[in-house]
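Biologist: Could you take me through the charged contacts and a pocket of this model, stating each criterion as you go?

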Amino acid sequence: MIRWRTASTPYPVIRRFLCTFRCISTLSLPIQETPQTHLFQCNTRIQELGRLGRVEEARRVFNEMIQRDVVSWNSMINGYSQNGRVDEARLLFDAFVGKNIRTWTILLTGYAKEGRIEEAREVFESMTERNVVSWNAMISGYVQNGDLKNARKLFDEMPEKNVASWNSVVTGYCHCYRMSEARELFDQMPERNSVSWMVMISGYVHISDYWEAWDVFVKMCRTVARPDQSIFVVVLSAITGLDDLELIGSLRPIAIKTGYEGDVVVGSAILNAYTRNGSLDLAMHFFETMPERNEYSWTTMIAAFAQCGRLDDAIQLYERVPEQTVATKTAMMTAYAQVGRIQKARLIFDEILNPNVVAWNAIIAGYTQNGMLKEAKDLFQKMPVKNSASWAAMIAGFVQNEESREALELLIELHRSGSVPSDSSFTSALSACANIGDVEIGRVIHSLAIKTGCQFNSYVMNGLISMYAKCGNVEDGSHVFRTIRVKDTVSWNSLISGLSENYMLDDARVVFEKMPKRDVVSWTAIISAYVQAGHGEVALDLFLDMLARGIKPNQLTVTSLLSACGNLGAIKLGEQFHALIFKLGFDTFLFVGNSLITMYFKCGYEDGFCVFEEMPEHDLITWNAVLVGCAQNGLGKEAIKIFEQMEVEGILPDQMSFLGVLCACSHAGLVDEGWAHFNSMTQKYGIMPLVYHYTCMVDLLGRAGYLSEAEALIENMPVKPDSVIWEALLGACRIHRNVELGQRVAERLFQMTKPKSATYVLLSNLFASQGMWDKVAEIRKLMKDQGLTKEPGISWIQVKNKLHCFVTGDRTHDQIEEIYSALKEYYGCFRATGYMPDTNFVLHDVEEEQKQNELLYHSEKLAVVFGILSTPNGSPIQIIKNLRICGDCHTFMKFMSKVTLRKIIIRDGNRFHHFRDGSCSCGDYW
């Protein structure tokens, strides 16, 4: 080190020189441009223009240069390569005689970027010398083009590797969802940088393996590596996926220690994690303490409030934004649209002077979410610039509004424009194919997804599984599932749902049991499958297993279980689920309220009205659920009142609404009211009645004894009659013992469809009621010859959470002797007070005493006696029967309700009967 001497230095000449230099250095001197300076400026300009995509200007600078060096040539070749003009890059490359390793590597990279991997490899093989950068470029080329086999082979052949070499191959495995191979290579790395850790954590996040992502992050923190901004952001995505607030608390000290919690990007990611986990109060507290906020911070909180239904809080926060930007206005616009206030959303949109493509997309999505497709299409056509999200929003809008064919036409238009559909567009289009059952178009979309490289996207793959399954091509859906390299939970769930929808319940259960990890959707899918298949008991057992494993049910889980309770008539269990719904906070969800209404009415309880009255809002499904409930329970007058209230509130009825009110009129014998509502369908609402509505009217007229009018209605209706409507008329003939018409109707049925046992049984009953035993014998012989059997009468009753089953004449129940003894005792008691067995309902030509004995042991009589023996005095008894209750059992139940002071509810194959104090809610009209 040189040390200058002090003032006493003996070198006066040097001192004078330094003083002179200081004076001169303060003067402004003219800069003489040397050839070297000019060369440097030109090279810099070529590089800058290349980065901006202005290749022609860069070439003019290159051509005008008096002197060029290797940097000039490489910069110009690179400009062509990076801007997709690799053939021009090649011409310049061939003209350059002073190539170095970088020149070759630039051309190699250009070919790889354009997907011309074979030409890239030819360049690589032609290189006289290579360095690690060249090798890495070739490996990256293979990775970018999805050729991991050759990438790995080249990697293994490398004479020398650096951390970038390892990162390239690990990245390739992660992008192709081959995480086990990525992890194996990652664990072998001699050294890692932040990119290595970032790639690995991101890979696990992309396949939804959030715990493994978190585990890699924890391992990183135990090394000397220090997480950076991007790693914090991706780890917070993993925490969001885990829905674990404690992990956010674990992460924040690390962010504070590394100085990143105050970073606005990391802070916004923490805020986003809180909001995505539904912790709005914690999110708001963190938001208020953030040292710096950006527009993303504000928009995150506004969106979170809106998604949780707290619009007023979103508005208050919006008004606090220090400077409104397009992003914050777009967030508020979306918030208004989500709650149906689309006009307010449009006002904000119109306030934006130069809306960007995101704002346009948001208002279009808002219109489609609110069913305003015309307005959405008009705006879509006016958009100055569209991106892939614009097309995706419009395609999804068509699908959401049941315009599936228009959605597919728009996808075709997008493809013809030369643009590549996004993953979201493919997913929506596959939903459209599923909706209309067009598997051929689905196959075309499948092929297009493969050509555009979207076949590895989990959303697209899961959409393909669902599409094939809903179109009935389960094998194709299963094949797609098998080809998924890394199956996420959604993939497994999609297959389970697909198998269930195609009545392959056993296969669905096998898949469910094989799942490596199950979420609430998995459990809900298999529970719903068993409910839909009529196995409510298994569904309830699965629910208990789900709770035991610590899985919290969601709204769809409880609605499926409410359906199971309704199907089983398990009112006590249904009431427990009602309490659970309040505990979980699901009572504010409209569709949950609708399911509760249905459950109560299906169990024969009028508490459905209470649920209806307590609901803060009603949609058409709510009103229809009440109307159908009234029909099931024979509440004809109540149904008419509900229908009138619905009209007063401005709710337009649909076909289901009329089906409910007409069925209610039919079960209550309200002929005039039924006709009035039937006629109003076309005259007042312009709704064309379907065959189901005509069936209700035939049933109503037939039960009331207007058999000729019922037959005339069938003959003259504009829609083709099906077997059900003729069966309704045949049933009416049985009630009113009209043998002539009954035979004529039966002949029609035999000509229409393959003979069913129900038709033969109805006709046999009709003959038996008239004592025409020879005809009864003929019918039974026909049934035997065709291999048809009468469905046995079965009744179910639930006592102490156990379902007991009885068949007519049952001798298998553990308490059957006690039941028979009590039944005979009640029988004797009833006879003493006026009950006379109606032997017309015995369909055999036997002695009167034998007929009475047959009537005595009908399944519903056995079930009701067992219920009385097994439940506390005064408690209601509920029974489900598969067939229509016979007249004698109906009379027996009226006596039983009066003598035992019990309410007896029987749900037979047609409707509910509520017996109380010796009378039935049906008014003996069923």
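Predicted model: local features only at pLDDT ≥ 70, side-chain atom pairs only at ≥ 80, totals over all residues.

Modeller: Residues are numbered from 1 along each chain as its sequence is written, and side-chain values use heavy atoms, with hydrogens and water left out.

Biologist: How many salt bridges does the structure hold?

Modeller: Side chains of opposite charge can pair when their charged atoms come close. The criterion for a salt bridge is a side-chain nitrogen of Lys or Arg within 4 Å of a carboxyl oxygen of Asp or Glu. By that criterion, the number of salt bridges in the structure is 33.

Biologist: Which helix holds both aspartate 215 and lysine 219?

Modeller: The side chains of aspartate 215 and lysine 219 form a salt bridge, with N to O at 2.7 Å. Helices are DSSP runs (H or I, at least four residues), numbered from the N terminus. The two residues are four apart, about one turn, and both lie in helix α13.

Biologist: Is aspartate 699, the partner of arginine 703 in a salt bridge, buried or exposed?

Modeller: The closest N and O atoms of aspartate 699 and arginine 703 are 2.8 Å apart, and the two residues are separated by about one helical turn because they lie four residues apart in helix α42. Buried means under 20% relative accessible area, exposed over 50% and partly exposed in between, with a 1.4 Å probe and protein chains only. Arginine 703 has 12% relative accessibility and so counts as buried. At a relative accessible area of 17%, aspartate 699 is buried.

Biologist: How many residues apart are aspartate 476 and arginine 443?

Modeller: Their side chains meet in a salt bridge at 2.9 Å, N to O. The pair links distant parts of the chain, with aspartate 476 in helix α29 and arginine 443 in helix α27, and the separation is 33 residues.

Biologist: Which residues lie nearest the centre of the second largest pocket?

Modeller: A pocket is an open set of points on a 1 Å grid over the protein atoms alone, where a 1.4 Å probe fits, with protein on both sides within 12 Å along at least five of seven lines; lining residues have an atom within 4 Å of a point. The lining of the second largest pocket comprises 48 residues, and nearest its centre lie Gly241, Asp243, Arg276, Val520 and Val521.
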